[in-house]
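Please read them with the structure open.

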Amino acid sequence: MQSWRNSTGGIIDRSRRLSFTFDGRRLAGHPGDTLASALLANGIHLVGRSFKYHRPRGIVGSGVEEPNALVRLGEGGAVEPNARATTSELFDGLVASSQNRWPSLAFDVGALNSVASGLIPAGFYYKTFMWPAKAWTFYERFIRRAAGLGQAPEEPDPDVYEKRFAHCDVLVVGAGPAGLQAARAAAPAPAGVRAAPAAGRSGARVILADEQAVPGGSLLAEHVTLDGVPGQDWPESVRTELASMTDVTLLTRTTVAGYYDHNFLVAVERLTDHLPSGESPLPRQRLWKIRARHVVLATGAIERPLVFPGNDRPGVMLGSAVRAFANRWGVRCGARAVVFANNDSAYRSAIDAADSGIHVTTIVDCRAAPRGRLVEEAHSRGIDVLAGSVIAGVEGRKRVRGVAISTLDGSTPAAARKECDLVMMSGGWNPTVHLASQSGTRLAWDESLATFIPGDAASHQTSVGAAAGTFGLVECLTSGALAGTDAAARAGFDGEAPPVPEVDDDTGDGALDLEAFWHRPASPRDGKAFHDLQNDVTTADVALATRENYVSVEHFKRYTTTGMGTDQGKTSNVNGLAILAGHVGSSIPGVGHTTYRPFYTPVTIGALAGIDTAGELYDPVRRTPMHAWHAANGAHFEDVGQWKRPYCYLREGESVEEAVERETRAVRTGVGILDASTLGKIDVQGKDAAAFLDRLYTGTFSTLAPGRCRYGLMCHDDGMVFDDGVTARIADNRFLVSTTTGGAATVLNWFEEWLQTEWWDLDVHMTSVTTQWAAIAVAGPESRDLVSGLTTTDLSSDAFPFMTWRDADIAGIPGRIFRISFSGETGYELHVPASYALSLWQILMMAGERHAITPYGTEAMHVLRAEKGFIIVGQDTDGTTTPHDLGMSWLVSKKKPDFLGKRGLRRPDTLREDRKQLVGLLTDDPQVVIPEGAHVSPEPEAKPPVPMEGWVSSSYMSPNCGHSIALALIRRGHDRMGESVAIPLEDRTIRARIVKPVFFDEEGARLRG
Amino acid sequence: MAEAWQRQSPLARRSPMDDDTGAGLAMTEREFLAKITVRGKVADDAIRDALGIALPGEPNTACSGKDHAILWLGPDEWLVVGPPDTEKELVSTLATALPDAAVIDVTEGYATIRLGGPLAREVLSMGTPLDLHPREFAAGAATRTLFARTTVILHKISDDPVFDIHVERSQAEYLWTWLETASRPYRDALR
């Protein structure tokens, strides 16, 4: 039974009934309802328990400002905690429940906090749980359980989210009267509606965003007419007008939540939150990232509550909210109301409430002599006006039962008692300056409104309407239109303002005639007076913060937690500042305000993540052309940068270790193939290409003949190795540089940086050809036999020696053969255009059958190279390793006049004799494999602190050597061959001997053979 | 010579997406287009003689002829796109015509996805911060830009709209999946 619903009025569809549940109770509402209006229509005010004291709380506001009515929506993974009932649209089947109560909303054990409230004032946590320090982890479990309102869902979010970018000339935030006029003015005129646009005018691109389901803003909650059309219908006619224009985007259910530098704004559009789940295939929410040339902020204003003892009891509501529930949703919020006011707008709420059927008995007005047309109208409706009075206390716990009224000065306490089930409070209006402030616009104090309004705009931005402190409807419509025309003009589009609709004259000029009332000091007996309902902060907490000298506004905020709830203090901040100012004897602007930060209202993590959340789209996966073959043939992949590379290929019943051992042996005994396509390849060409490479590498490439290859090390200017690879000279003016898999992009950037910033006079051009060419390494004693069957190129060592390359036809595919080897075996790297690589791989596998060809992965490659003592940059170097440290002085040219790192290598520090140097380690027990990263100590029995002399960089069981092998960087290592060292681990100490970092075929006979 | 059967395009394992309703999105791979990077000094006349089209001088634009398109990618960098299987001739034509430039075949290094249909701009706006409004990004516009979490060369072929997206080969499947995923709700809505 919606017994509190009027039979007429409002913009709801009474012909349809929507069924929903609240705490399991089945209730009904109508399309157009919010959860809050539907609950109130059913007479439900008590909707939650407060954050700290678990006090019963009811609905306070009618929109985004709501501090109390935070509920849990939905079920399972799609649950949303802390949803504002006042902004949650009702749909059939909506499941809502109250929060922060146990076992039930009506009986909540947590309410004991309220009894003990004297023990838990502001700063309680800071004071109480500081000692003993170790006990924090114990306390924390209980505090975490008690803290917070809603509970985060524990299941994965089943919904889909989206992000998109948008650009516009004019972004209008808020589709109330000012915003609608601004959008009309900025938008290009459609033929026949207004004057035709000037010739050549293409029209400004306009986005109009509003957080509500329908445009209209305050008009939806008022009784006015515009051009003879009811104010509740006029926005729809403007929507129709705007929809007919190209390049005008009207976004409803869209909250502009963040305003960043250079007019970059973030908005969240709720696409399907108002629909039963599964009804639309569209994403649940869409995050808009908008770049606007000019922004019109028509964000309206939020009514300010008054602070008085018991002001948090269910049934104490904002006057404007009661008015909105009556006018927009046809709902009476109570039977008998008392109004508490300090300004004229309260009278409009009182009058509309009375007209909707609520018996408004009294207006308690703290002003000494309220006067004017609205006061007279209130009188004419039989409403008593008690001037110079305040509400001194509220009776009732789960619902207001009555109020105690006293004079403002307190001289006659409890002058009167009025029975009521509804208190409508109106303390003036706070313009919604959040976005303006976020953008960097300073706020200015307006004495007559007793609030902050936007000061000079920090970016291309205009605040209009109530957001700028303008409350008269005509003025809002006029200034909105001007702002729109002006915004379009600034973006380069001429236009004329739309006509301002004729408004019926009962709305007045919007003057509030406000007298500030912040709070009246009361004794604790009167009950708690809350200025921040969501975080349960009282006037007593402000007094305490002041006594403890938390008087800087930022300290005050954090100490009392004023404004730190999910509502960001929309109803509490100004009151809190005012009370603080009173305590410290300053003005409110003197105290200042805290920073408004994005987001204006909470934004779901899903919307911020968009589709880039999981699996494939989380980070690009790079695949080689042979990827599908690898996957189909047992590849166990590892991530190397963004690449997927086979770590090894698992055969039926084989472990990873077994596979690596098998592959490692196969390369030394037969032939193996490795997908080496991921190695970086850079085409370097130009007249100065050789000179360029000479400057970048420690070695010399100008002396390299075309057709030959050379290994090189690259250092940063500090002399430390940062990449390595084999470079082939393709022609006099052309080289193919290879880099590590992970270093490809960095190296190309490094090249470009030097070329563009320092050596721009060189004639050189670089192009990445990493993915142009796929590469297959064929390695092993039988590799020559295998490859020679596929090409007419003479592969004999005389014709095609180690470290040379040839253009070649390979199995009919035009490519290149490089006689290079990272395994220490005779080997060829076959480069073919990427689209032929899979085919070549399969041909090799077929042709290699008689050789028992073995595809091998990165781990076998690592073991093989470690057997040979070949380094991996980034594994055997750590950014503090020079070529000399690696024992590769032979790669550092002594003849070249200069190269990157040359000076660095002459620094005293890089010349120190006790640097860490690359050596091999052989464990005393050949079966023990040292963990990589382990530290090396000279003394096996040393007590902590154990002197450390270096660390193990690579370590494997080598099947080909028959024992474990390791590479390590050890202080003065090159001079300590044969010395014993200890590797102390947590549970044991491994002993090892320092040896040369070559464990297999030291002479390189296999490599060159 | 290599046989055609030996060749596999980067997105050979993905099925093209048709726009059955005419209101959605069509997505296909343009297989084996010849793609040549040109870097260095390029004379407009030489290009005109070689390919019959002008060299785009304006940043982020492309010039297109019957068979070829030239995309401006940097002050000294262009991408020349030609018909499938013409990269060899194209490289030699360009190398001859442009002795002072580096001419590098990148045909195999990039995949090309053609995206068309009324939803195309919307879907692209989910991946790139660029302004794709026809006023700002008209037919003939071309740019190398961030898209989702990769880099693409985006070329607007026509105002229908039709876009060609060149993406580094190894990330072609990522991009395809991304576009498929981003557009799925809207394609579903049209069903």
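1. Helices (H or I, at least four residues) and strands (E, at least two) are DSSP runs, numbered from the N terminus. By that rule, T150(B) sits in strand β9 of chain B, residues 150-158. This is a predicted model: local features need pLDDT of at least 70, side-chain atom pairs count only at pLDDT 80 or more, and totals for chains, interfaces and linings use all residues. Residues are numbered from 1 along each chain as its sequence is written, while chains are lettered from A and ligands numbered from 1 in the order in which they are written.

2. Confidence next. The predictor gives the complex an ipTM of 0.97 and a pTM of 0.93. Chain B has an average pLDDT (the predictor's confidence in each residue, from 0 to 100) of 95, and 99% of its residues score at least 70.

3. Contacts of T150(B) come from both chains. Neighbours within four places in sequence aside, T150(B) touches P620(A), V167(B), Q171(B), Y174(B) and L175(B). Contact here means C-beta atoms, placed from the backbone, within 7 Å. D105(B) is 45 residues from T150(B) in sequence and 21 Å away in space, C-alpha to C-alpha.

4. The interface. Chain A puts 41 residues in contact with 40 residues of chain B. On the chain A side, the elements giving two or more residues are β8 (161-173), β34 (680-685), β38 (765-768), β41 (813-818) and α22 (837-847). β8(A) gives the most, with 6 residues. By class, this side of chain A has 19 nonpolar, 12 polar and 10 charged residues. Ala, Val, Leu, Ile, Met, Phe, Trp, Tyr, Cys and Pro count as nonpolar, Asp, Glu, Lys and Arg as charged, and the others, Gly among them, as polar.

5. Overall form of chain A. Chain A has 25 helices and 49 strands. Its radius of gyration is 38 Å, well over the 30 Å that the globule rule gives for 1009 residues, so chain A is more spread out than a compact globule. The radius is taken over C-alpha atoms, and the rule is 2.2 Å times the number of residues to the power 0.38. The C-alpha atoms fill a box of roughly 115 × 80 × 55 Å along the principal axes. Buried residues make up 54% of chain A.

6. Domains of chain A. The assignment, automatic or from a database, includes domain 4 (518-584) and domain 6 (865-900 + 913-1008). The C-alpha centres of these two lie 64 Å apart.

7. β31(A) (635-640) and β32(A) (643-649) run antiparallel, joined by 6 bridges. Strands pair if DSSP finds at least two bridges between them. D639(A) has K644(A) as its bridge partner. The turn has 2 residues between the strands, and G641(A) there has a positive phi of about 60°.

8. A sheet in chain A. 6 strands form an open antiparallel sheet, ordered β45-β46-β47-β44-β49-β48. β45 (935-936) and β48 (980-984) of chain A are at the edges with a single partner strand each, so one side of each lacks a neighbour in the sheet. Within it, 8 bridges join β46(A) to β47(A), and Y956(A) stands opposite I965(A).

Terms used: Contact = placed C-beta atoms within 7 Å. Buried ≥ 20, exposed ≤ 12 C-beta atoms within 10 Å, placed from the backbone.
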